Amino acid sequence: MLSRVADNLYWGGRYLQRAESTARLVTVNGHLLLDLPRQVQAGWMPLIEILGVEKQFKTLYPEAGDTNEANVVRFLLNDERSASSILSSVRRARESLRTVRDTLPQESWEKLNDLHLMLQADGEKGLNRRYRQEFLQRVIDACLLLFGVLTSNMSRDTGFQFLRLGTNVEQADMTTRILDVRSVNLIRIRGADDLAAFENIQWMSVLRSLTAYEMYRRLVRERVQGDSVLRFLLQDREFPRSVAFCLMRMQRTLPKLPEKRSVERAITRTLALLRDADVDALLKKDLSEFLDEVQVGIKGINDALSEAYFKA
Amino acid sequence: MGIAWGDYKSDTWDELFDGTGKPRPAGRKLASYLTKLSAQDLSERRLAAELAIKVMGISFTVYSEGQNVDRSWPFDIIPRVIPKAEWQRTEKGLKQRVRALNAFIQDIYTDQKVIKDKVFPKALLGDSVNYRKQCADVKPRGGVWAHVCGSDLVRDSNGTLFVLEDNLRVPSGVSYMIENRAVIKRVFPELFETTAIRPVDDYPAQLYDTLAGLSPRSGNRPTIVLLTPGIYNSAYFEHCYLAQQMGVALVEGPDLFVDEDDVCYMRTIEGPQRVDVIYRRIDDLFLDPEVFNKESVLGAKGLMRAWTKGKVALANAPGAGVADDKVVYTFVPKFIRYYLDEDPILPNVESFLCHDDTQRGYVLENLEKLVVKPANESGGYGMLMGPKASKKEREKFAELIKANPRNYMAQPVLSLSTAPTMVDGGIEPRHLDLRPFILSRENPYVTMGGLTRVALEKGSLVVNSSQGGGSKDTWIVDTDEGDE
């Protein structure tokens, strides 16, 4: 496989996954705000923090009063100028995959075009609160359909492995980001007894942004609590959006690629970090530092892949 | 309400109806089917086709105002029908023609007998823009230089098919031929049950076989790649399509390199991998910065070295364009007699060469009746359509011709044949041509029909997609079987 092609497939996978994750994030935040009392509402800015794009947002929406729902939602949905919008992610996925179209099943390219056309046609309408839910659901459905077409129709050849590496790196990244920002938020409302009930709502929203709620309930069988949610999303070996699961899946992919020790080491190191984590202790302090460490690990995997396969 | 076919009238040869308004035999089923459709049915089918094209992502890229715009492929849903018997004869004529062209190219780069025997003037070769001195004495396998040829055929008002030009460098359009069929199958599936329409989708497999036959290494499966200039090329869609259909790697210049052993490699995730055959879709001059255009980043340094040493095969061969020249074109009937000792099966369009004093005199005096073409442009650029041009434009062209007579030839304006085409508010005749593709090898292959290009504007004779042309599915129909 050409190095350039591997590179494009990897990023195609990442951008598609990012589009789906962003749609889920926006959906869940909308729901959460409906449930929380006003005094603990963090509004929409946490989404910008989750994605780590405060600077870009400030550049496009510089005024103090700009941090409102309308702007954040536009920034994340269909602002062409914003690299974090679903529109931009899908465009970049399309640009990456367009140059490697010959390696993909024809049908997947058709579905990706459908999604792109849909975003262009209905993106503006999707900003409207009344239609937003339905719009985001269509984005999520379209992404799932695409992943479905790819998983069902593509041989498990090298190209598929790079796509899969891309989606898994992106998912691992997104899961840690969501945990990071939400947990910071949670700590803020601790202490006030009358608000304790809402802590659970927040943890539930964390689970929901990763469509993890039902799977969590089935596994944990007790009410939603911070420590078990963290354990589930960081360490669970069965749930496909947990960080450990994503990394393990990448690990299983490696034997199908030309052997590169550096990539293997980067994954093993990050996995060990997750396994050794003492979640109870982390919840009391240093959770944020720990998640930063995991993020650095994931970035290390990305860089090792790039060095090993994309720069021939 | 049905379509008012009574109003349909072509002022030249029509592909579907004869002079009395009756459908021609091969088109009978199509015509009777169409007459049963209401105007609403037809426009619904048209919408379905547009949607299919969008969804299938069939597009081409147009460069305008400094921007590359991806446009949906303009397509007319009414197929163009050609009877099988006529096609068989055309096929023979095309194979004959391309055999002679390849013989000419090989001759030009080796003995130049054609010049010594005074069949082709030496002066014309000296001025040829597409003659590559670097190709002298090279002998590609089987003497084939133009492995893929796309020839443009037009029909005059008497129904005779002429060859208008041969494209021997990087002819494009074949993917649209195949995709047009896929769209039509979605839109008119029922017609395929009743009419014996020859399939066209064999082409990528045939192309693959042609390329595989060129591998310099015997045994093993050869490594074949398609070299594209990249996503901004107007034919990028086609490059992807063909690479995918053949199951070969689609590469760009920077993916390739030629090592000191003169072998061509591509950069892969496992390290360098040897390349045997390159189906290149970039022009000669961009192939190798070591030999041609030094600024080129589209090709790879050393490719010519690898090719002349026989370490990698290039299709089409560099320098094949020497025969893809509107001036050389006028000699093709002579080449057929000279090299093959046969009578040409397909006629050329009458042409006047501006380098010849008498013919130039005629051209300059009759500019308002002629189409003047530069020898080496494609895509319909740089032409003068005499009857439509202003006096000023004609004067400008007269100066151009006088300054560089070798670079121009002229032809009478042919009234290209028409076929029924959907336009706003009904069906009207529109002019069209046909581009079949010929693969040269031991047993040459010709596509079943080809790409029909249609001028969508009323009265227009310009069919190029870059200039507002569209296309139609082309049916080679067997009238012997399945009738009644």
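Trainee: How many residue pairs are in polar contact between chain B and chain A?
Mentor: This is a predicted model, and the count takes in pairs in which both residues reach pLDDT 80 or more. Between chain B and chain A, the number of residue pairs in polar contact is eight.

Trainee: Which element supplies the largest share of the side of chain B that touches chain A?
Mentor: Four elements of chain B each supply at least two residues of that side, namely helix H2 (39-56), helix H9 (236-246), strand S7 (249-251) and strand S9 (264-268). The largest share, five residues, comes from H9(B).

Trainee: Which residues of chain B lose the most area to chain A?
Mentor: Contact between the chains involves 24 residues of chain B and 26 residues of chain A, and the two chains bury about 2,100 Å² between them, 50% of it on carbon and sulfur atoms. On the side of chain B, three residues together account for 34% of what that side buries. Those that lose the most area to chain A are Val55(B), Gln244(B) and Ile269(B).

Trainee: Which residue of chain A meets Asp255(B) in a salt bridge?
Mentor: Across the interface of chain B and chain A, three salt bridges are found. In the salt bridge made by the side chain of Asp255(B), the N to O distance is 2.5 Å, and the partner is Arg4(A).

Trainee: Helix H6 of chain B covers residues 174-187, but how many of its 14 residues are buried?
Mentor: The helix reaches 20 Å from its first C-alpha to its last, which is close to the 20 Å expected at 1.5 Å a residue. The buried residues of H6(B) include Val174(B), Tyr176(B), Glu179(B), Arg181(B) and Val187(B). H6(B) is largely enclosed by the rest of the structure, because the number of its residues that are buried is eleven.

Trainee: Is Glu69(A) buried or exposed?
Mentor: Glu69(A) lies in helix H4 (residues 69-77) of chain A, and, leaving aside residues up to four places away in sequence, Glu69(A) touches Trp44(A), Arg129(A) and Arg132(A). With Arg129(A) there is a polar contact between the two side chains, at 2.6 Å. The relative accessible area of Glu69(A) is 17%, under the cut-off of 20%, so Glu69(A) counts as buried.

Trainee: Is Asp137(B) buried or exposed?
Mentor: Asp137(B) sits in the loop between helix H5 (122-126) and strand S4 (148-155) of chain B, and its phi is near 70°, a positive value in a residue other than glycine. The relative accessible area of Asp137(B) is 61%, over the cut-off of 50%, so this residue counts as exposed.

Trainee: What is the relative accessibility of Thr211(A)?
Mentor: Thr211(A) is placed in the loop between helix H9 (196-209) and helix H10 (213-220) of chain A. Phi of Thr211(A) is near 40°, a positive value in a residue other than glycine. Thr211(A) counts as partly exposed, because its relative accessibility is 39%.

Trainee: What is omega for the peptide bond from Ala315(B) to Asn316(B)?
Mentor: Asn316(B) belongs to the loop between strand S12 (313-315) and helix H12 (326-329) of chain B. The peptide bond from Ala315(B) to Asn316(B) is cis, with omega near -10°.

Conventions:
Residues are numbered from 1 along each chain as its sequence is written. Chains are lettered from A and ligands numbered from 1 in the order in which they are written. Side-chain values use heavy atoms; hydrogens and water are left out. Contact means heavy atoms within 4.5 Å. Buried area is the accessible area (1.4 Å probe) that two parts lose on being put together, summed over both. A salt bridge is a side-chain nitrogen of Lys or Arg within 4 Å of a carboxyl oxygen of Asp or Glu. A polar contact is a pair of N or O atoms within 3.5 Å; within protein, one must be able to donate a hydrogen and the other to accept it, and residues adjacent in sequence count only if both atoms are side-chain atoms. The expected span of a helix is 1.5 Å times one less than its number of residues. Buried means under 20% relative accessible area, exposed over 50%, partly exposed in between (1.4 Å probe, protein chains only).
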